[in-house]
Every structure is written in structure tokens, then in C-alpha cells.
Amino acid sequence: MPVAYPGGEKRKRVSSDTNSPLVRISNLNFAYDNRPILTGIDLEIPRGKLVAIMGTSGCGKTTLLRLIGGQLRASAGDVVVDGQNVGRLGHDDLFRLRRRMGMLFQFGALFTDLSVFDNVAFPLRENTDLSEDLIHDLVLMKLHAVGLRGAHRLMPNELSGGMARRVALARAIALDPMLMMYDEPFAGLDPISLAITGELIRKLNDALGASSIMVTHDVPESLKIVDYIFFMAGGKVVAQGTPEDIRNSDDPFVHQFIWGESDGPVPFHYPAPNYADEMVRRGERHA
Amino acid sequence: MLEAVLDSIARLGHRVTSRVQRLGRASVFLGATLLGSGTAWRRFSLIVRELYYTGVLSLIIISVSGLFVGMVLGLQLYETLQRFGSGTMIGGVVALSLVRELGPVVAALLFASRAGSAITAEIGLMRATEQLSAMEMMAVDPVARVVAPRFWSGVISMPLLAALFSAIGIFGGYLIAVVLIGVDEGTFWSQMQDSVDFRLDIVNGIIKSCVFGVVVSWIAVFEGFHAAPSAEGVSAATTRTVVTSALAILAADFVLTAFMFTGA
Amino acid sequence: MKRTTLDLWVGFFVAIGLASLLFLALKVGSLTPSSSSESYALQARFGNIGGLKVRAPIKSAGVVVGRVKDIRFDQESYLAIVTLDVNANYQFPRDTFATINTSGLLGEQYVGFEAGGDEVMLKSGDVIKKTQDAMVLEKLISQFMYNKASEDDGK
């Protein structure tokens, strides 16, 4: 049964007693080799909120998640998570911080050689000294939360795309993270799986008292569930606001993105020389 | 014209520097693997699990190839020795060729194409499907958890497989020389024991296979870990593992042989 | 796969590998405890050692009694000085005759001991006086050809 998340006054729960945002990104720059990907990003993720980062493919959304998780280091600027500057942490501190983060990868990234149960148990076994009995109970609880307790004996290759995504979600929340990150959680899902996943993301965020960042380009589903949206283009944040603001936005980029128009600020054509000129030159060459 | 020449020189230079760069990266990676090996040795079941894939699954190809190589050696060498009237030396010659050279080298080549490529493909696939990233985000170091156990399982398997290859090869030579051709059994074995020296031949052969084990495992985990995260990337990395391993094995074999067997 | 089955297979693999190593060591390489037993060193000078190598066997009456330890060239006498490690279980008289022989026509070269009749035995560090150089095949052949040629001339 689909659960609607209208406005959501009840969701103002905050995971920590501090009022500072959980993630603060200031003037963040990042380049692969010499190709700039992010140029001066500023954004804040408040505690307890579910925030979407939207933008066209290849605009650096996933890169942003990796910078928050400390898998990449910024060329300039800071990423501060719960008061710690991710880019400056040493190996051990970074790993300690990551134990309080969960990440759902685009296609789940389940360990193909481990069963569903062992996949969910993996972070618990690697990062805690819990007894096998306790792990068993915890794993089944997590799987129950995503509705797949009955599938714990299956191998990842026996799961549908949507189920794999949910198992990965159960694995990501195994250590009860304070920050959840979702990389394109809706990519390649059928409408039912998509609705289930969206619902789960919202529900888990509230149940865990966590904050969540979701990178996506699925407009309708995101507008339904998130609290706040950042739009990225060309390595910058170009627009932001609540779903309500976004729907009513008259920003040309946001408008194009939300309504899925093929031409606009994001051009249909890859940069090319003048069409007519190129045709004429071709004619001359063949003459 | 001049431009084209300069251009090709620049390209050549670029290729050389990129190779050297890659070697440097591989060395750093090897260092990281060795440093991150603590977990693997503390939780030995991780290595045991990989030993199944590198060792047990290589048993059949190693045994069958060893048997055939030994039988071919038996036939060929007997034929040649017979021309010099030294057919009875067959035992020693077969054993020496296997223990010193063919055992370690051929076993390592087979190992690279069976286990090395499998390691690369597996790690490369984990890279392509973001399993390695997922592991990092779960605060688990993939070098310690994925790379080190595979590396060490390769290092452990290789000398055992090479020894098995030589032993079965010698048995193959025995089948041909003694059972088929009819060389006296006692002569076969005593000739072998006379010409094979434990320290000089057998220990050196084992040292060779240990070196090959390190080389092949190193190449396999490096290529896998640094594969481009796509289907083409993984298949290219797998090919590179087999090709680079083969070249590295033969080059290392030459260097080792030069050190070991020309001193006398 | 079950953990226990996996362990079993890996155990099987390691056992096979170790068995092969043992086979190579004992049956092929004839590693026996006696090979590391005590030995004493003798020296012998040769005008030509042919293809003699370090670690070549020393045989007396066809039995291996030691190994060549070291081969050096003496700048003063222009002779090869061969150090011989002889198994301490075997004693040889002082007038033992050391030769360099070839096993088979093209086989490896080894040092042969022919015991003499002296009462005094060789001690560690002694020099063997009576030696015979390696036979060099080219010399033999040219000698043979020369003889043959002179025979033919005589006819």
C-alpha cells in the first residue's frame, strides 16, 4: 500500500542534540586529472532530513557522494560531516566515521559470492565483535525491515533488481548509520519496486533518525518523498528548495529538468560548428 | 615531416614513462598488500577459502599437463639420447628438465592462465559492480579483505602446484621410459638420483616457483584491482594478466637461472 | 559451498602438494641424512680439468665418496687447484691416484680415486701428488687422425 508523505510536519525529528547541520560542504572543488567536475559547491544537509541532489547525468552527483564518504579527496574546499573534516581524516578516523555512514550503490553492489544473509551480516561481522547468535537476529531484523526476511538463503544472482536493491539497503543500514547516502536508488526499477524503494528510503530515514542524501534524476518519485532538493549543473548548485518551491520554480533549468523538455538551458545538441557550414564544406570536399 | 618524427618520439617517450609509472604504482600496491596482510593471516579462513579457488581448482589442469609434458619428455629425450647411446640416462634428464625448468615454468604459466586470470576477473568484477567501493564505505579495507587473501593463496599454491607438476611429470616419464620403452626400472631411478642434487636442483626449483607465485599473484591482484570499471575493462585486465604474467615468468626464469645454475 | 567441504578440499590439495615435495626430495633428489655428514678437504692439482664442475662427484671404485668443493687457477704454477670434499667415513692412502674421468662418452665429468698401497692415510688439507688430467676429446681425435694418417702413409 503506497504511503503518501505530504508536507510532513511530523518528520522534524532531529538525530542529535546539536542544531548544526550534519553535513556542511563549502566551496568544494574537484577535478579528475585536469578535468574539473565540481566547481565551488556549497550545501548543507540538516539533521534528520532527506535531501535529494538532482542533475543531468555526469554532472558530478556521484562524485559528490564519494567526496562525502571520503573515497575521493577534494582539490579545494571542505566536506564536514558531524564536525569532522572528511578530507583531512587519517585512515583510521575515516574508517571510524564510515561505520556511521551507510551507502546504497546504484545497482546494489551486493557481494556476489555471499548469500543474502551473509551480505547483510558482512558489516556486522567485520566491524563488531557481536556473537553469531546476535548477528543472526540483527540480520533478520534488517531483512524484515525491507520485507525480505524470507529470502535470506538466496544468492544475489537469484534476486530481481528491486530485491537486490532492498537487500543492499538492509546491508547499508546494518550498523544503524547516522548518514545514509543513496546513489541513483531508482535506476532501472519497475514502477512497483520503485515505489517500494522510495517508501523504504523515507521510512528508514525517519525510523533511524538518520539524515539521508539521495542522488537521483527520478523527478516524480523524489518530489514525493524528499524534504529538500539541490539542483546541480556544470559542477555547481544552480537551484535549491523544497519540493513545493521546485514545482513552482520558474528557473529555466529546473523547469526543463522537472518537465523533461528536450531542449532548453541544457541543449539538445552537442557543441558543433554551424550545421549549414558543415554541410556546404562536405559538399565542396566531394565535388 | 619533422613534426611527425617528433610526434612519434614523444609518443614513444610517453609509452615508456607510462609503463614505468605503472610499475611504480604496482610496487606501491604490492607494499600496501603486504602491509595489509595482517588481517588475512589472523583470519586464516580467508586464505583457505581462496586456496580452494587458486589451488584445488588448478589441480586437474596441473596434473594432466604434468603427465603429458613428462610423457612427451620421455619420448623425445629417449629418442635423442639413444642416438648418443645414452638411453639409460633418461631418468636423470627427465627429472632434471622438470625439476629445474619445466616444472616451475610451465606450472606457473598454467597457473597464470587458470588462477591468475580468475583472480583478476573476480576482483575486476568486484570493482566494476562497485563491490569494492561498497566495502570501503562499510569501513572494510578491500586491500586487506579481498586482495591480500588472494595474493597469499597464490603465493602458497604455486610451489605446491609446481612440485605436483614435476612429480607427475616424472611419473609420466617413468610410464614412457620404463613401462613403454622398457628401460630398466632400477637404472631409471638410480640414474635420476645420481644426477639430481637436492640443494642445487630441487631447492632451486622450489625457489623459482615461489618467485613465480609472488609475480603471478602480484600481477593478478594489481590488474584486477585497477581494472577499468566496465565489462571491457575487466576483460582487458584479464588478458593483461595472462600476457604480463607469461612475460614476467619467462624473464624472471632467465634471471633466476643465470644466478642459480651458472655459478658452478 | 559448505565451510567443511572447502576445508577438506584445501587440506587435500596441501597434502598432495607436500607429498609431491617429499617425493621430489626423497625419491628424485635422494636427500638422505648422510649427505650432510662430516667431510674432510683434500687438494689436487691438474694441468687440465676439462669440464669438471664444482659439486661434481668423487668416485672410488664407482662409489661416490665425496664432491668437488672448489676449483681455482693457480697463477704461479699455471695449474688448476681442485679442492675435494671427501666423506669422513672413507680414508685413502697417501699415494692415491686422482683422475678426471667422464661417465659415458659425453657424460658429466667426475674425479676418480684409485687407492695406492701406502700405509699412511691422507689427512684434511693434504695434497694428492699423483693426478691425471682430463682427457680432452679434441686431442684424442686429432691424435687418432694423426696416427691414422701416418698409417696410411706407411702403406
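**Figure 1. Strand E4 of chain C has a covered face and an uncovered one.** Let's start with E4(C), residues 79-87; helices (H or I, at least four residues) and strands (E, at least two) are DSSP runs, numbered from the N terminus. Ala80(C), Val82(C), Leu84(C) and Val86(C) make up the covered face, while Leu79(C), Ile81(C), Thr83(C), Asp85(C) and Asn87(C) make up the uncovered one. What you're looking at is a predicted model, where local features need pLDDT of at least 70 and side-chain atom pairs count only at pLDDT 80 or more, though totals for chains, interfaces and linings use all residues. Residues are numbered from 1 along each chain as its sequence is written, and chains are lettered from A and ligands numbered from 1 in the order in which they are written.

**Figure 2. E4(C) pairs with E1(C) and with E3(C).** Two strands count as paired if DSSP finds at least two bridges between them. Strand E1 (residues 39-46) of chain C runs antiparallel to E4(C), with eight bridges, and here Arg45(C) sits opposite Ile81(C). Strand E3 (residues 63-74) of chain C is also antiparallel to E4(C), again through eight bridges. In that pair, Phe73(C) has Ala80(C) as its bridge partner. Four residues lie between the strands of the E3(C)-E4(C) hairpin, and Tyr78(C) takes a positive phi near 55°.

**Figure 3. Eight strands of chain C form an open sheet.** The order is E7-E1-E4-E3-E2-E6-E5-E8, and the pairing is mixed. Strands of a sheet pair through backbone hydrogen bonds, either parallel or antiparallel. For a parallel example, look at strand E2 (residues 57-60) and strand E6 (residues 109-114) of chain C, which share three bridges; Ile58(C) stands opposite Val111(C) there. Strand E7 (127-128) and strand E8 (130-132) of chain C are at the edges with a single partner strand each, so one side of each has no neighbour in the sheet.

**Figure 4. Chain C has two helices and eight strands.** Along the sequence the pattern reads α-β-β-β-β-β-β-β-β-α. The radius of gyration (taken over C-alpha atoms) is 23 Å, well over the 15 Å that the globule rule gives for 155 residues, so chain C is more spread out than a compact globule. That rule is 2.2 Å times the number of residues to the power 0.38. The C-alpha trace of chain C spans about 90 × 45 × 30 Å along its principal axes. Of the 155 residues, 21% count as buried, meaning that 20 or more other C-beta atoms lie within 10 Å of the residue's own; with 12 or fewer a residue is exposed, and in between it is partly exposed, with C-beta atoms placed from the backbone.

**Figure 5. Helix H1 of chain C is covered in part by chain B.** H1(C), residues 3-28, has 26 residues and reaches 36 Å from its first C-alpha to its last. That is close to the 38 Å expected at 1.5 Å a residue, where the expected span is 1.5 Å times one less than the number of residues. Its buried residues are Val10(C), Phe13(C), Ile16(C), Gly17(C), Ser20(C), Leu24(C) and Val28(C). What covers them includes H3, helix H4 (59-83), H5, H7, H8 and H9 of chain B.

**Figure 6. Chain B meets chain C.** Here 28 residues of chain B are in contact with 23 residues of chain C; contact means that the C-beta atoms of two residues, placed from the backbone, lie within 7 Å. Seven residues from H7(B) form the largest share of the chain B side. That side has 20 nonpolar, five polar and three charged residues. In this count, Ala, Val, Leu, Ile, Met, Phe, Trp, Tyr, Cys and Pro are nonpolar, Asp, Glu, Lys and Arg are charged, and the others, Gly among them, are polar.

**Figure 7. The largest nonpolar core has 155 residues.** A nonpolar core is a set of buried Ala, Val, Leu, Ile, Met, Phe, Trp, Tyr and Cys residues joined through C-beta atoms within 7 Å. Ala108(B) and Val216(B) have the most contacts inside this one, and H7(B) gives the largest share, 22 residues. Leaving aside neighbours within four places in sequence, the contacts of Val216(B) include Ala108(B), Phe111(B), Met158(B) and Ile249(B). Another core, of 21 residues, lies apart from the largest one, with Leu42(C), Ala56(C), Ile58(C) and Phe92(C) among them.
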